[in-house]
Amino acid sequence: MMDSPFEAAFRASAASAQADKPLGLRLLACLLVPPAIVLAAVLPAHPAHGRPARPAEGFAPVLPAAPAPRAADGAIFNVAAGYTGLVEGRRAHAVGDPLTIILTEQINSSKTAASKTQKNGGFNVVPPTAGPLSFLDPNALKASGGSSFNGQGNATQTSTLGGEVSVTIAEVRPNGTALVVGEKRLLLSQGQEWVQVSGIVRLGDIDADNRVRSTQVADARVTYTGNGAVGRASREGWLSKFFNMISPF
């Protein structure tokens, strides 16, 4: 089938453009295309093992709402000016109040699995000692088979996290609970680290020092990660990720 005049002109221009390129540029293109394909296959599939390169948004300190302007009534007492009840003391109870979360997370998990199967079978035919089948060898008519499987697995994991993070109350709910959010950022010489905490605490669990244990926080979300030279050194390289991704073993 003959090409149209337009297709023939396009093919001729493409061939001439390829021929006009120097040999060095063509070799450079051949060297750069395979790594580009590898990067395109690896980077979307493995975004640094789920480790964010920057802190997540939404953990900024919450400020209390500005009090509404009070009408001039001649009274000295003003509840909106920071009134605290005698029984409540100085415990955190309003939006914007800070409190400290004591991180005492320790999780131990262990799992063991074992499986074993075995099966044996046999087949034996004894030919007659007389007659037309007497020439058969009894040992040639024996058959046996067997199969066995033995598998065992063991997994153990221990996670421990300790420390203290101050958070602020973002929302006070009618049932006596409060939503708290907060973070702590550390800027080090080899990068930065940050701890982000959010969850729901019961106002009654807050002690006199405005502290509550992380085991008493419902729906707790704790993130401890960072970036920098040390973090990059502990991660697998992109070429190793590529070969591990395509390896069938």
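This tour moves through a predicted model, from the whole chain to one valine, its surroundings and a surface patch.

**The whole chain.** Begin with the protein displayed as a cartoon. Its secondary structure comprises 4 helices and 6 strands, arranged along the sequence as α-α-β-β-β-β-β-β-α-α. Of the 249 residues, 17% are buried. Switching to a surface display shows an accessible area of about 18600 Å², with 60% of it belonging to carbon and sulfur atoms. Of the contacts between residues at least 6 apart in sequence, 69% link residues at least 24 apart.

**Colour by confidence.** The mean pLDDT of the protein is 75, and 62% of the residues reach at least 70. Select helix α1 (residues 5-20), where confidence is lowest, with a mean of 53; then select strand β5 (residues 211-213), where confidence is highest, at 93. Next, select residues 44-50, for which the pLDDT is below 50; this stretch has 8 contacts in the model beyond near neighbours in sequence.

**Valine 180.** Select strand β3 (residues 177-188) and, within that strand, valine 180. Is this residue buried or exposed? Valine 180 is buried, because its relative accessible area is 1%, and the cut-off for burial is under 20%. Which other residues does valine 180 contact, leaving aside neighbours within four places in sequence? Besides Ala170, the contacts are Leu99, Val167, Thr168, Ile169, Val197, Ser198, Gly199 and Val201.

**The nonpolar core.** Now display the largest nonpolar core, which has 15 residues. Leu99, Ile101, Val167, Val197 and Val201 are those with the most contacts inside this core. At least two core residues come from each of β1 (98-124), β2 (142-172), β3 and β4 (191-202). In soluble globular proteins, nonpolar side chains tend to be buried together.

**Valine 201.** Centre the view on valine 201, one of the residues with the most contacts inside the core. Not counting residues up to four places away in sequence, valine 201 touches Val180, the residue visited above, together with Ile101, Gly176, Thr177, Ala178, Val212 and Val217.

**The surface patch.** Finally, return to the surface display and select Trp238, Leu239, Phe243, Met245 and Ile246. These residues form a nonpolar patch on the surface, and together they have about 490 Å² of accessible area. Isoleucine 246 belongs to helix α4 (residues 238-246), where the tour ends.

How values were computed. Residues are numbered from 1 along each chain as its sequence is written. This is a predicted model: local features need pLDDT of at least 70, side-chain atom pairs count only at pLDDT 80 or more; totals for chains, interfaces and linings use all residues. Side-chain values use heavy atoms; hydrogens and water are left out. Buried means under 20% relative accessible area, exposed over 50%, partly exposed in between (1.4 Å probe, protein chains only). Contact means heavy atoms within 4.5 Å. pLDDT is the predictor's confidence in each residue, from 0 to 100. Accessible areas come from the Shrake-Rupley method with a 1.4 Å probe; for residues, only the protein chains shown count as cover. A nonpolar core is a set of buried Ala, Val, Leu, Ile, Met, Phe, Trp, Tyr and Cys residues joined through side-chain atoms within 4.5 Å. Patches are made of residues with over 30% relative accessible area and no salt bridge: like charges are joined within 9 Å, nonpolar side chains (Val, Leu, Ile, Met, Phe, Trp, Tyr) within 5 Å. A salt bridge is a side-chain nitrogen of Lys or Arg within 4 Å of a carboxyl oxygen of Asp or Glu.
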